[in-house]
Amino acid sequence: MTTWNLEGMKTHLFICNGSSCMKKEGEEITQAIRDEIQQLALDKEIHTTRTRCNGRCKDACVVIAYPQGNWYRVPTTAHARALVQDLHHVSLQQEHVFALREGVLQRTTQTTAIKGIDKVKEG
């Protein structure tokens with residue numbers, strides 16, 4: 001296993017490669033993100049890691065950006081490439097599911113993602 005030098009990284013993308021995301025072009029989205037990073041020469045700024053389930057299966061494919069803390073719904077390779085471009089330009093025009101605001105993940109107003117179910121049941 002390789003150990004990468006992450007000094008200078010601005011963003012770490014966790015790309016869901018769980019079964020639901022893989023059924024919805026997860027592999028192609030992963031490769032599109034990595035290709036766009038390479039095309040824009042952002043290898044020293046954006047690191048990627050494949051994950052298993054990120055827990056938002058109906059929003060497949062889900063990509064999480066840290067340290068920003070934003071969760072993205074990335075349904076196509078075109079969205080994947082736009083996400084990398086947005087992160088590079090810090091414009092974040094890309095529709096995201098949740099954004100970190102004041103230390104708390106909150107749904108964004110522009111999201112078309114489902115609300116989901118509560119993780120902890122009341123009562």
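This is a quick walk through some side-chain pairings in the model.

Ground rules before we start: it's a predicted model, local features need pLDDT of at least 70, side-chain atom pairs count only at pLDDT 80 or more, and totals for chains, interfaces and linings use all residues. Residues are numbered from 1 along each chain as its sequence is written, and side-chain values use heavy atoms, with hydrogens and water left out.

Okay, salt bridges, meaning a Lys or Arg side-chain nitrogen within 4 Å of an Asp or Glu carboxyl oxygen. The whole structure has five. One of them joins Arg50 and Glu27 at 2.7 Å, N to O. Arg50 sits in strand E2 (residues 46-51) and Glu27 in helix H2, 23 residues apart. Helices (H or I, at least four residues) and strands (E, at least two) are DSSP runs, numbered from the N terminus.

Next, Glu36 with Arg81, again 2.7 Å, N to O. Glu36 is in helix H2 and Arg81 in helix H3 (residues 77-89), so this bridge ties together parts 45 residues apart in sequence. Asp35 joins Glu36 and Arg81 in a salt-bridge network.

How buried is Glu36? Its relative accessible area is 9%, so buried, while Arg81, at 28%, is partly exposed. The cut-offs: buried is under 20% relative accessible area, exposed over 50%, partly exposed in between, using a 1.4 Å probe and protein chains only.

Back in helix H2 (residues 26-39) we find Thr30, buried at 0%. Leaving aside neighbours within four places in sequence, Thr30 is in contact (heavy atoms within 4.5 Å) with Ile15, Asn17 and Arg50.
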